[in-house]
Amino acid sequence: MTGQERSEEKSECVSLSPMMEAVPAPPESERVCVFGTGDLGRSLGLRLLQAGYGVVFGSRRPHSRSSLLPHGAQVLGHAAAAQSAHLIFIAVQREHYDFLVPLANQLKGKVLVDLSNNLRKNQYPEANAEYLQSLVPGAEVVKGFNTLSAWSLQNGPSDANRQVYICGESVEAKQAVIAVATKLGFSALDQGFLSVARELEDFPLQLFPQWRLPLRISIGLSAAFFFYLLIRYVIYAYVTQGEDISFRIMVSLANQVCPIVSLIMLSLCYLPGVLASFLQLYRGTKYRRFPNWLDRWMLCRKQLGLLSLGFAFLHVLYTLIIPIRYSVMFWVTEHTVSVIRENRTTEFDTTTAWRGDSYLSLGILGFGLYVLLGITSLPSVSNALSWREFSFIQSKLGHLTLLFCTAHTYLYGWNRFLSSSTYKWYTPPGYMLCLVLPSVVLLLKLLLITPCVDRTITRIRQGWERGADQRNPKDSQPLIP
């Protein structure tokens with residue numbers, strides 16, 4: 001773990017200095033010990049002091065480390081520190097656990113909280129906490145606090161890192177650690193016996209575990225549509241007309257890929273919920289598990305939505321720079337000069353104006369709702385909302401966002417699908433392909449909100465099961481008051 005004390009193999013007991021002896025010692029029930037004076041150990045000690053605990057640091061060089069530690073904490077040798085408290089936090093790396101072996105007698109009956117992590121998975125044959133227990137068999141080892149960083153300890157718990165996972169063999173030892181975590185403002189979750197310690201030690205090593213599938217989907221869609229549009233526009237123009245428009249790759253092509261991927265991923269956020277509703281409707285019960293693939297899909301909807309919002313932001317930014325592009329300014333200037341030379345006039349088309357304004361208006365409304373969905377998905381905001389409020393925004397307004405964005409894309413295409421020139425090399429444009437999935441999702445959702453279907457779905461989610469009345473006729477009889 002970054003910043004923990006790199007202790008030597010052996011540590012001798014160090015006597016107290018006169019200054020340290022003068023510090024009044026708090027009662028042992030409110031005193032805790034921290035082995036390790038690195039970043040994590042110091043941050044944990046500071047947090048414990050702020051919570052009202054008496055903190056004793058165990059160090060191999062107590063005199064030289066006292067100036068680095070939080071004001072109000074005592075610094076003793078390892079043996080003296082071990083005797084001063086019942087609860088001891090081990091904030092050192094596994095390779096330096098050997099100094100605990102000579103302290104086996106002093107640590108007997110103590111609760112040792114192992115905070116260590118490894119640099120990679122399966123680095124050692126057993127978990128660090130299990131190894132610690134084998135070194136000090138007389139102590140009660142609890143794995144915990146290893147998912148917290150020194151920064152989060154210094155700044156206090158926030159919504160993103162409020163949970164503390166613990167595991168251990170002794171119920172009493174775990175209760176003691178839970179009490180400390182609760183007093184520090186964290187929410188402790190008991191994960192079971194010490195055999196779970198390896199899982200807890202792997203938590204900090206995971207890199208965006210909930211984001212892997214959404215990131216793969218977004219990268220795959222972006223690459224697929226980029227090459228598809230590259231072939232349809234850039235390569236097609238070069239092959240058929242000998243025109244080099246490769247400069248459009250940087251902005252024009254990117255500005256087509258971003259909204260396409262954004263709309264598809266927004267559809268993927270709401271498609272699993274629709275499929276789950278139809279599955280419950282087909283089964284006639286809510287008491288059967290969804291398939292594993294659907295469960296996994298539903299668990300990553302938030303990440304899909306945030307990535308979708310990111311692509312929408314890129315689309316907005318690319319659109320805003322269109323007027324300042326050299327190619328656009330050159331084309332506008334040439335067109336204006338050409339019209340003046342030829343003395344041509346163009347009549348105002350009301351239909352085109354309606355279409356353009358509606359297209360822009362729906363895009364702005366859709367993006368505004370997009371941003372609202374992203375803001376309410378933040379833990380600090382969602383925690384301030386009731387479940388009904390959160391459900392209304394994420395479900396009702398979410399489907400409205402999908403409707404606006406889909407309509408925005410339909411208005412972009414308008415009647416181009418009637419022109420044969422739209423289908424270059426007999427392939428449909430990208431915006432047509434991206435309309436398939438959101439249109440399907442909206443149609444399925446429309447079926448689900450019809451009164452007869454919605455009534456049945458509501459009854460199923462309230463516990464009703466199809467065929468239950470025939471199996472238990474007494475249950476269907478009304479209760480007589």
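In this predicted model, the side chains of Asp-114 and Lys-143 form a salt bridge, with 2.8 Å from N to O. The two residues come from distant parts of the chain: Asp-114 lies in strand E5 and Lys-143 in strand E6 (residues 140-143), 29 residues apart. Asp-114 has a relative accessible area of 0% and is therefore buried. Lys-143 is also at 0% relative accessibility, so it counts as buried. The pair belongs to a network of salt bridges that links Asp-114, Lys-143 and Glu-201. As a rule, side chains of opposite charge can pair when their charged atoms come close.

A search of the whole structure finds 8 salt bridges. One of them joins the side chains of Glu-126 and Arg-94, at 2.2 Å from N to O. This pair too links distant parts of the chain, since Glu-126 sits in the loop between E5 and helix H6 (128-135), while Arg-94 sits in the loop between E4 and helix H5 (104-107), 32 residues apart. Glu-126 counts as partly exposed because its relative accessibility is 27%. Arg-94, at 7%, falls under the 20% limit and so counts as buried.

Another salt bridge is formed by Lys-174 and Asp-190, whose closest N and O atoms are 3.1 Å apart. Lys-174 is buried, its relative accessible area being 8%, whereas Asp-190 is partly exposed at 41%.

E5 (residues 111-114) pairs with E4 in the parallel sense over 4 bridges. Within this pairing, Ile-88 stands opposite Leu-112 of E5. E4 is also joined to strand E1 (residues 31-35) by 4 bridges, and these two strands run parallel as well. Here the bridge partner of Phe-35 is Ile-90 in E4. Strand E4 (residues 87-90) is covered on both faces: Leu-87 and Phe-89 are buried on one side, and Ile-88 and Ile-90 are buried on the other.

Where are nonpolar residues gathered into the largest core? That core has 44 residues, and those with the most contacts inside it are Ile-264, Met-265, Trp-297 and Leu-304. Helix H11 (residues 252-283) gives the largest share, 15 residues. A second, separate core holds 32 residues, including Ala-73, Val-113, Val-180 and Ala-188. Apart from residues up to four places away in sequence, Ile-264 touches Leu-221, Phe-225, Cys-434 and Leu-437. In soluble globular proteins, nonpolar side chains tend to be buried together.

Some nonpolar side chains lie on the surface instead. Ile-231, Ile-235, Tyr-238, Val-239 and Trp-425 make a nonpolar surface patch of about 510 Å². Val-239 is located in helix H10 (residues 212-241) and counts as exposed because its relative accessibility is 55%. Trp-425 comes from elsewhere in the chain, in the loop between helix H17 (387-413) and helix H18 (430-434). At 40% relative accessibility, Trp-425 counts as partly exposed.

Helix H10 also contains Tyr-236. The C-alpha atoms of Tyr-236 and Trp-425 are separated by 7.9 Å, although the two residues are 189 residues apart along the chain. Setting aside neighbours within four places in sequence, Tyr-236 is in contact with Ile-231, Gln-241, Lys-424 and Trp-425.

Trp-425 has a phi near 55°, a positive value in a residue other than glycine. Tyr-426, also placed in this loop, has a phi near 60°, again positive in a residue other than glycine. Most residues other than glycine have a negative phi. Tyr-426 is exposed, with a relative accessible area of 82%.

These details belong to a protein chain with 21 helices and 8 strands. Of its 481 residues, 41% count as buried. The chain exposes about 26800 Å², and carbon and sulfur atoms supply 61% of that area. Among contacts with a separation of 6 or more, residues 24 or more positions apart account for 75%.

How values were computed:
Residues numbered from 1 in each chain as written. Predicted model: local features only at pLDDT ≥ 70, side-chain atom pairs only at ≥ 80, totals over all residues. Heavy atoms only, no water. Core = buried A, V, L, I, M, F, W, Y, C linked by side-chain atoms within 4.5 Å. Buried < 20%, exposed > 50% of the residue type's maximum accessible area, 1.4 Å probe, protein only. Contact = heavy atoms within 4.5 Å. Patch = residues over 30% accessible without salt bridge, like charges linked within 9 Å, V, L, I, M, F, W, Y side chains within 5 Å. Areas by Shrake-Rupley, 256 points an atom, 1.4 Å probe, with all protein chains shown as cover. Salt bridge = Lys/Arg side-chain N within 4 Å of Asp/Glu carboxyl O. Pairing = 2+ DSSP bridges.
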